[in-house]
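Have the viewer open as you read.

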Amino acid sequence: ERRERLGRERAAPPAGGQGRFPGSLEDQVKRKAEQEKAKVERYEKELAGYKKARRVCAEKWRVSTGKDNAAGEREKPEEDRGRSVRVDIFGYLRGKCLACDCDCRAWHRDIDSVPNAWGNLEAIKCSVCGHDNTQHEDCGQYPLNEPLKPNLLGHREELKIPGIHKAH
């Protein structure tokens with residue numbers, strides 16, 4: 001008798017239609033749509049902050065290095081393999097050298113070419129003048145990685161990698 005009662009309780013739907021996923025299908029779809037909308041809004045806010053931080057730092061860098069030319073062309077810190085060679089190991093965009101009688105217009109170091117960069121003092125020295133990163137003007141924390149776009153249901157993006165194709 002006890003087994004039969006347990007079997008009936010397990011087989012019966014929960015009272016009030018409330019189970020593991022409460023609410024109707026429409027409610028669940030609405031909740032999911034609201035969550036995706038919130039993800040997109042958060043991404044757009046993060047992307048705007050990323051672009052603003054880069055723009056502000058680049059402007060300080062142009063003023064520091066004198067790279068704002070009369071023709072109105074606005075130079076940006078050079079990038080190599082997705083990383084700016086004008087950004088130090090700590091993520092700060094560095095401008096002109098502040099050491100006395102130095103002709104270095106902008107800090108330069110390819111961090112990726114320095115072996116064991118975190119344990120090597122060579123990584124904080126400018127490859128142009130040899131002075132430390134702190135002896136160059138600080139133009140601010142320069143974000144290098146753009147925020148990741150959220151994956152939304154039904155909007156699957158295909159990876160576009162040259163030489164790779166989708167198996168059928």
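Two residues count as being in contact when they have heavy atoms within 4.5 Å of each other. Bear in mind that this is a predicted model.

Start with Thr-65, which belongs to helix 2 (residues 25-65). Leaving out residues up to four places away in sequence, Thr-65 touches Gly-95, Lys-96, Arg-105 and Ala-106. Thr-65 is buried, at a relative accessible area of 5%. A polar atom of its side chain sits 2.8 Å from the backbone oxygen of Trp-61.

Trp-61 turns up again on the contact list of Arg-94, alongside others including Asp-88, Trp-107 and His-136. Arg-94 is in strand 3 (residues 92-97) and is buried too, with 8% relative accessibility. Its side chain has a polar atom 3.4 Å from the backbone oxygen of Asn-133. Asp-138 is 44 residues away from Arg-94 in sequence, yet their C-alpha atoms are 5.0 Å apart.

Now for the salt bridges: there are four, and the table shows three of them, including one for Arg-62.

| Pair | N to O distance |
|---|---|
| Arg-62 and Glu-59 | 3.0 Å |
| Arg-109 and Glu-122 | 3.2 Å |
| Asp-132 and Lys-125 | 2.8 Å |

Arg-62 and Glu-59 both lie in helix 2, three residues apart, about one turn. Arg-62 is buried at 5% relative accessibility, whereas Glu-59 is partly exposed at 27%. Likewise, Arg-109 is buried at 10%, while Glu-122 is partly exposed at 40%. In the remaining pair shown, Asp-132 is partly exposed at 25%, and Lys-125 is partly exposed at 30%.

Note on methods:
Residues are numbered from 1 along each chain as its sequence is written. This is a predicted model: local features need pLDDT of at least 70, side-chain atom pairs count only at pLDDT 80 or more; totals for chains, interfaces and linings use all residues. Side-chain values use heavy atoms; hydrogens and water are left out. Helices (H or I, at least four residues) and strands (E, at least two) are DSSP runs, numbered from the N terminus. Buried means under 20% relative accessible area, exposed over 50%, partly exposed in between (1.4 Å probe, protein chains only). A polar contact is a pair of N or O atoms within 3.5 Å; within protein, one must be able to donate a hydrogen and the other to accept it, and residues adjacent in sequence count only if both atoms are side-chain atoms. A salt bridge is a side-chain nitrogen of Lys or Arg within 4 Å of a carboxyl oxygen of Asp or Glu.
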